[in-house]
Amino acid sequence: MNKSKPSKPSRPEPDSLLPLSESELGLDDLFLASARQDLLSIEQALARRDYCAIQQTVHSLKGAAMIFRVPATVNAALHIEAVLNTGLAVDHDQLTAACAALRLQIELL
């Protein structure tokens with residue numbers, strides 16, 4: 001009996017793969033640029049003590065980080081939301097620390 005190895009399914013040659021469209025290229029870069037801009041907006045709002053603006057921007061950033069599967073950034077955003085949503089007056093020092101943790105996560109991207 002002739003036992004031959006089962007043939008592996010052939011892979012397409014790299015050149016034969018459909019190229020990504022321009023809209024699909026650089027999405028990670030787009031997320032990073034957007035996250036950096038959001039961070040700047042958050043820090044400016046923090047300086048003005050505009051907690052509503054922080055809430056809105058952090059919520060948006062959290063959603064984008066979830067889509068791009070960046071759990072550390074999601075967790076940092078969730079922490080900021082938790083500080084803002086205690087039902088009590090905002091602890092500005094605690095919020096400042098939470099925003100610094102977000103900055104660190106974005107810098108690590």
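**Reading salt bridges and helix packing**

Colleague: What is the relative accessible area of Glu43?

Modeller: Glu43 has a relative accessible area of 25%, so it is partly exposed; buried means under 20%, exposed over 50% and partly exposed in between, with a 1.4 Å probe and protein chains only. This is a predicted model, in which local features need pLDDT of at least 70 and side-chain atom pairs pLDDT 80 or more, while totals for chains, interfaces and linings use all residues. Residues are numbered from 1 along each chain as its sequence is written, and side-chain values use heavy atoms, leaving out hydrogens and water.

Colleague: Which residue meets the side chain of Glu43 in a salt bridge?

Modeller: Side chains of opposite charge can pair when their charged atoms come close. Here the partner of Glu43 is Arg103, at 2.7 Å from N to O (a salt bridge is a side-chain nitrogen of Lys or Arg within 4 Å of a carboxyl oxygen of Asp or Glu). Arg103 lies in helix α4 and Glu43 in helix α1, so the pair ties together parts 60 residues apart in sequence (helices are DSSP runs of H or I, at least four residues, numbered from the N terminus). Arg103 is partly exposed, with a relative accessible area of 32%.

Colleague: Which residues are linked with Arg103 in a network of salt bridges?

Modeller: The network links Glu43, Arg103 and Glu107. Arg103 and Glu107 meet at 2.9 Å, N to O. These two are four residues apart in helix α4, and therefore separated by about one helical turn.

Colleague: How many salt bridges are there by this rule?

Modeller: The count is four. One of them joins Lys62 to Glu81, with the closest N and O atoms 2.9 Å apart. Lys62 is in helix α2 (residues 51-67) and Glu81 in helix α3, 19 residues apart. Both Lys62 and Glu81 are buried.

Colleague: Is Asp38 buried or exposed?

Modeller: Asp38, in helix α1 (residues 27-48), is buried, with a relative accessible area of 15%. Apart from neighbours within four places in sequence, Asp38 is in contact with Thr57 and Leu61 (contact means heavy atoms within 4.5 Å). Asp38 and Thr57 are 19 residues apart in sequence, with 6.3 Å between their C-alpha atoms.

Colleague: At what angle do helices α3 and α4 pack?

Modeller: Helix α3 (residues 71-84) packs on helix α4 (residues 92-107) at about 170°, with axes 9 Å apart (axes are lines fitted to C-alpha atoms over the stretch in contact, and angles run from 0 to 180 degrees between N-to-C directions). Among the residues making this contact are Ala76, Ile80 and Val83 of α3, and Leu95, Ala98 and Leu102 of α4.
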